[in-house]
Amino acid sequence: MTPSALKRPLLFSLLAFSLATASAAPVPTDRQADRWDLTALYQNDAAFDADAKKLSAQLQQLGACKGQLGARLKSCLDLYAEARKRVNTLTTYAAQYYDQDTGDSKGNQLNQRAALLGNDFSQATTFLQPEILALGSKRIDAMLAKDKGLQLYRFQLSNMLRSAPHTLDAAGEQLVAQFGLATGSAASVYRTLANAEIPWPTVKLSDGKEVRLDQAAYTKYRDDDNRADRKLVFDAFFGKWKEYERTFGETLYGQLKTDAAYAKVRRYADSQNAALDADNLPPAVYQTLIAQTNANLPTLHRYFKLRARMLGIKDLAYYDIYAPLLKSDRTFPLAEGKQMMLDSAAPLGPDYVKALTAAVDARWMDVYPRPRKVAGAYMNGDAYDVHPFVLLNYTDNYEAVSTLTHEWGHAMHSVLANKAQPSIYAPYSIFVAEIASTTNEALLLDARLKQAKDDDERLLYLGAALENLRGTFFRQAMFAEFEAAIHGRVDKGESLTGEEITAIYAGILKRYHGEAQGVMTIDPAYALEWAYVPHFYHGYYVFQYATSIAAAQDFAQRILDKEPGALAAYLKMLGSGGSAYPYELVKAAGVDLASPKPYQALVARMNGIMDQIEAIQSRRGK
């Protein structure tokens, strides 16, 4: 109910930020036990329809609250909470139904219905915040003192009062809500063009295989063993994006203008302040992240130099960054992957492991890739009265085990928050969410290294961890710096073309990858990468992956070291859901993401991993 929340989707899902789609052949199995059971949400279409009717009735009842909050605040907030819980469940069902088979028209129809219901909910509740602000803090405090049942909403009310300078009157809020469906057009055009309409090129690889180089094929073949094939893939893929540079420049510029307009309408200094204020995040978090990342670029450059040595390449290029440091044919079937995850979660305590064990054996996840199933991986924890849902595209490699661990870290976060909090405070910010997932990944690495049987296996895990730190910390921080640059231009009223966006991205890309230091050569053609990244249509989102993985390294290490109180503080943070501001929750658990310390600790961990790899290489005379 904060102003910025009005333009956010109601569905809270966490996408694995690898930009990867299913990059291996589907596993030859389709057991019902390996697919989620959506009847836990609704037994049939009739049940969904009945709940949608209940939502409509609740929204009519909410309409009767207009002008009555001074007398009915508690009952109206109760009604709002129930309606929000119901719309989230309806949206969850629609999303999961669609994602399991994107070719099923019923799923698309459900998604459209859910979007309309969500917009109905948004419009029906726009009066709440302006009326609460009109009551004022003094009267709200008096009402809280008089009605003990209202104490449940103290934080929610405080957060609404905090946003008073950025809230419009009732008519203004209604107008903004009505524009909610229209202002997502830039992202919609991008999705349609990028995923359905670009005529992707076909390339012939060195083995004679012809490949239609769409986004899924790019993620599969960009790490090919043959260096010439990697270059061919990069040249053809980003060459195609270059053909649409002007169009994607217009779509992204349209999104930037929308964000700038919302910021101006709500009287924020700029779009960054507007985005951060939704969670009351101090600007120092963003500023410190960028400053610390730039200060520690020598560590990233060290990694690239190590990569070049291990690949036997003297002239490292951008198309070499995905080639695996160690080629491994080892497989990890689902049963083994589950056990690895459960073993690695032991430091989080027996209660956590017991709950996780029961959850992974229930039908909460859709495991394997198949035709028309949505790609990637995510967790959706919005169905408060049911349970989280996990989507995977499990492919039996170590990356798949890591993704399994990551997404179940999210799911357990939702389990703990849903158990400890009422529905209004169970949803949590992405700022905290990615900490839960990446902490579990750090624990997985520690467990695997302790059980590794030889140096080849150690290199497999160390290399994966190193690339994860590069991709999740340095790469996302680079994206964050790019976002700040392009948003800053538009916030000042300047125009941006696709060509100008490419130039901005190229400058940052070259600096991060050490071109001036001779670390890596960046072909200007690859600076079209910005057009490939869909997350730029969700402003100031990606930086939280970088802050989260920094916090996760700190939490994981203190838990592994059995630091007194560390585990209890961490689990309390997860169980707190959204009952306090996310920055304060993380800080109370022991990590201040507005200070340099967690970022320096991450860099130290990355250097420590490289020390281990170099020691192995030294033993081998390399």
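User: Why is Cys 65 called buried?

Analyst: Buried means under 20% relative accessible area, exposed over 50%, partly exposed in between (1.4 Å probe, protein chains only). Cys 65 has a relative accessible area of 0%, so Cys 65 is buried. The model is predicted: local features need pLDDT of at least 70, side-chain atom pairs count only at pLDDT 80 or more, and totals for chains, interfaces and linings use all residues. Residues are numbered from 1 along each chain as its sequence is written, and side-chain values use heavy atoms, without hydrogens and water.

User: What makes Cys 65 and Cys 76 a disulfide?

Analyst: A disulfide is a pair of cysteine sulfur atoms within 2.5 Å. Here S to S is 2.1 Å, and a disulfide joins the two residues.

User: Why is the disulfide of Cys 65 and Cys 76 called left-handed?

Analyst: The torsion about the S-S bond is about -100 degrees, so the disulfide is left-handed.

User: What makes Arg 230 and Asp 320 a salt bridge?

Analyst: A salt bridge needs a side-chain nitrogen of Lys or Arg within 4 Å of a carboxyl oxygen of Asp or Glu. The closest N and O atoms of Arg 230 and Asp 320 are 2.7 Å apart, and the pair forms a salt bridge.

User: How do you know whether Arg 230 is buried or exposed?

Analyst: Arg 230 has 4% relative accessibility, so Arg 230 counts as buried. Asp 320, at 0%, counts as buried too.

User: Why is Arg 330 called partly exposed?

Analyst: The relative accessible area of Arg 330 is 32%, so Arg 330 is partly exposed. Arg 330 forms a salt bridge with Glu 457, the closest N and O atoms being 2.8 Å apart. Glu 457, at 8% relative accessibility, counts as buried.
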